[in-house]
Amino acid sequence: MSLVCLLGAATACGGADTPPDGGPSGPTTVATTGAPSRTPVPPPSPTAPPAPATYSDFDGDHVSDLVLTDPVATVDGVYSAGYAAVVPGSPDGPDTGRHRVITQNSLNLGKAGQGGAFGRTVRSADLDGDGTADLITGAGTDTVFVVWGGEKGLAGGARLAGSAPVTGDFDGDGYADLVTAGRSPSTATLSYGPFSRAGAPAATVPLDLTPKDRGPDSGLGPDTAPGSGPDSEGYYTARLAAAGDVNGDGRDDLVVTWTHVFADEMPVPRATAVHRGTVRGAGGVSATYTRLKDAQGRNVYGADTLTADVDKDGTADVIVGRSCEVIGEEQIADGGSRLTVVYGGRAGRGRAPKPTTIDDRTQGLPGAPVSTGCFFGAAATAGDVNGDGYADVAFTAPAKDGSTMILVVRGGEKGLTGTGAQHLAGLPGTPRLALLDTDGDGAAELAIGAARGDFSGAAEVRVLRGGPDGLAEKDTGADRPRRIVPADLGLKPAAGDAFGWDFGH
């Protein structure tokens, strides 16, 4: 199915080394660097927590709100201070008339500094357990801000230590938890919800996520004994990536990317591992892990890592986009750029499907994409575009003419396939993407943001409506793509800005 030229005039037209068998499993040894520390906030109520908030539903109307960030924008005269703009969802989609622009300065939690890049990483979760989502974003190298949701929308905030926030319910108690990276390599802090409005969690556990598995097939370089040698300290470190319940035990699991730091000091992904969530009494996440492999037994890794249930079996699947690699300079990944899905599954219920690799040889893909160049599988995002209950995945891919296309690949009983895929062609650069239901009809819209490397200050965001047939192909009437420009949000972009740089996930 084609979505050619929908953008209109704006465009040219561990443990185990195998994929989970019923989900990652193994001992529940806790990866901590100390005993859980409790903060003086009331314990969770004995009654059940409120129903989980809809993703990015900051006002409790059960419709996702659209978050648009620009971490390089100048704010109050400070270069690259950054902001996050929130556009509430409505039955007609994003309602720019009720937008709010949030900066570090507007939270009154310290002045933004040059290069703070507020909005660089965005997450959404109900950290205080009130039934509405809270906005979570970072600034600088060791600060995370939480802006509290409520019936009247976002208001008030808290400042926490850490970076690279990831959210999930890691102990299965129904309250969202927060993991933030520490200052030392491969360290993190797991903060249990519910949080107080001052930002105090119910408990915290320090995590040591240092990779310990360096078997002969690790693909990580010369073998060394666990915990010894230079490769185990500093060269291969774990970076927080995503969370999801991959084995169906009711607790979210932590997905981390193992990276190698080459001479140019840029961390380059080399493997992906899953640490199982544990009960609160055990604390933390499992010290053992499952290192993810593709159908050929090779390490799965890449720049974009997320989780979603693409086969509707009730467990999270891990989706990894492997586009370019930066080793001194950008270069094509070995074997070409691609998207890989490693399926979760419930323990004891048979094997999960074999991992799926999506590339230009995948049957059914429209638009003749290529994967031998960079960026096939980049900007990956997941959501249900047609409301059938299966998560679909949107990502970018290069076309033969050098332009960029967006591919939307459908989930189904057999997992992610090219059957029924849609594409949008003729885009410049590599745009940012998000799938989320901003009109509450059960089908996700596709938001398309600033192209990678496009700092012209003239960027815009387009929102394509989802529905039973997938993304709307019409360019007329109610199905016309929603166009949001900075002026709609009271913003005056300057050269160097990147409006719509991120939408969170």
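Predicted model: local features only at pLDDT ≥ 70, side-chain atom pairs only at ≥ 80, totals over all residues.
Of the 505 residues in the protein, 57% are buried, and the secondary structure consists of 30 strands and zero helices.

The largest nonpolar core has 23 residues, and the members that touch the most other members are Val-310, Ile-319, Leu-339, Val-393, Phe-395 and Leu-416. The elements contributing two or more residues to this core are strand 17, at 304-308, strand 21, at 338-342, strand 23, at 378-383, strand 24, at 392-398, and strand 25, at 404-409. If we take Val-310 by itself and set aside residues up to four places away in sequence, its contacts include Ile-319, Val-393 and Leu-416, and among the others are Asp-317, the tyrosines Tyr-343 and Tyr-390, and the glycines Gly-411, Gly-412 and Gly-415.

The other residue I would like to show is Asp-439, which sits in the loop between strand 27, at 431-436, and strand 28, at 445-451. Is Asp-439 buried or exposed? Its relative accessibility is 9%, and because the cut-off for buried is under 20%, Asp-439 counts as buried. As for what surrounds this aspartate, and again leaving out residues up to four places away in sequence, Asp-439 touches Val-63, Ser-90, Pro-91, Gly-93, Glu-445 and Arg-465. Finally, Asp-439 and Pro-88 are separated by 351 residues in sequence, whereas in space their C-alpha atoms are 9.6 Å apart.

How values were computed. Residues numbered from 1 in each chain as written. Heavy atoms only, no water. Core = buried A, V, L, I, M, F, W, Y, C linked by side-chain atoms within 4.5 Å. Buried < 20%, exposed > 50% of the residue type's maximum accessible area, 1.4 Å probe, protein only. Helix = DSSP H or I, 4+ residues; strand = E, 2+ residues; numbered from the N terminus. Contact = heavy atoms within 4.5 Å.
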